[in-house]
Amino acid sequence: MSHTAHIPSHRKPRRSASKIALRAGVAGGVLSTLAVAAAAGTANAAEPVSETIEMPTLSTDLSAQIAQSADATQQAADTYESRAEQDAAASKAAKQAKEDLAKAEKKAEAERKAEAAAKKKADEERASRSADRTSLSTQSAGGSSTTADAPAPASGSVGAVIGFLKAQLGDAYVMGASGPNAWDCSSLVQAAFKQAGVDLPRVSQDQSTMGTEVGTSNLQVGDILYWGGKGSAYHVGVYIGNGQYLDAANPGKGVVIQDLSGYPASGAVRVL
């Protein structure tokens, strides 16, 4: 017998196949567990990323709210500024209107004073001319003639016509006017002959066809002179003697006495 036969062996006992398989199964299970855990860990690690993705959305909403608030503030400021400008404009317009009214009233007052002064002057001039008026009856009584070859008629009615005409000297000429302080040519002639009881038509065309046609070289005081064709005359006046006639001439002259030589008439008619 060997001397070592009773000595216990120092070799590790061999593991049985069943134990090795068991341990391999345990190891595989552990590895599987670790793999699952790792996968879960990876998934869990990705979760914070998915949560941080929502942050920009929150930031965008907040920015939109801030922008809306800023827009609202700006709109309010614009509204206040617009109201302030409107109030200022209204105040300025009211002030200007008040100034314009004051100017208009001042101008109207000045015009009233000027009109009153002009009327007073016209009255004074008319009063001074009244002293120079003559009647045809006085001329007839003295045996005077109105032209070299046409003695004046002795009718007092002609004197009334001439007296009325001279009383209107200085009055204004206004187309279509019929007195008492403004005339056109035919309205003055019509009003003058009305003083003698003669009703004449209103317009110069018709007046040139009245009475008896007389030559311009055989005129008598009180004859109606016309310019233009008979029945289509555009102007009329009345002969007052000494180569003169009285008419409502134009807007620049008004009612005046003029020399017939300066503006010869086309014809004349006698109604008295």
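Me: Two strands count as paired if DSSP finds at least two bridges between them. With that in mind, which residue stands opposite Gln244 in E8?

Reply: This is a predicted model, and in it Gly241 stands opposite Gln244 in E8. The strands concerned are E7 (residues 235-241) and E8, which run antiparallel and are joined by three bridges. They form a hairpin with two residues between them, and Asn242, in the turn, has a positive phi of about 55°.

Me: How many bridges does E8 make with strand E9, and which residue of their hairpin takes a positive phi?

Reply: E8 pairs with E9 (residues 255-259) over five bridges, again in the antiparallel sense, and within that pairing Ala248 stands opposite Val255 in E9. Here the hairpin has six residues between the strands, and Gly254 is the residue with a positive phi, near 75°.

Me: In what order do the strands form the open sheet?

Reply: The order is E5-E10-E6-E7-E8-E9, an open sheet of six strands with antiparallel pairing. E5 (212-214) and E9 stand at the edges with a single partner strand each, so one side of each is left without a neighbour in the sheet. With direction ignored, neighbouring strands of this sheet are turned by 35° against each other on average.

Me: How should I read burial in strand E8: is the strand largely enclosed or largely open?

Reply: As a general idea, in a regular strand the side chains alternate between the two faces of the sheet. In the present case, four of the five residues of E8 (residues 244-248) are buried, so the strand is largely enclosed by the rest of the structure.

Me: Does Ser187 count as buried or exposed, and which residues is Ser187 in contact with beyond its neighbours in sequence?

Reply: The cut-off for buried is under 20% relative accessible area, and Ser187 counts as buried because its relative accessibility is 2%. This residue lies in helix H5, and, once neighbours within four places in sequence are left aside, Ser187 is in contact with Ala177, Ser178 and Arg202.

Me: Over which residues does pLDDT stay under 50, and what is the mean for the protein chain?

Reply: Where pLDDT is low, the predicted coordinates should not be read in detail. In this model, pLDDT stays under 50 over residues 129-154, for which there are 44 contacts beyond four places in sequence. For the protein chain the mean pLDDT is 77, and 65% of the residues reach 70 or more.

Technical notes. Residues are numbered from 1 along each chain as its sequence is written. This is a predicted model: local features need pLDDT of at least 70, side-chain atom pairs count only at pLDDT 80 or more; totals for chains, interfaces and linings use all residues. Side-chain values use heavy atoms; hydrogens and water are left out. Buried means under 20% relative accessible area, exposed over 50%, partly exposed in between (1.4 Å probe, protein chains only). pLDDT is the predictor's confidence in each residue, from 0 to 100. Contact means heavy atoms within 4.5 Å. Axes are lines fitted to C-alpha atoms, for helices over the stretch in contact, and angles run from 0 to 180 degrees between N-to-C directions.
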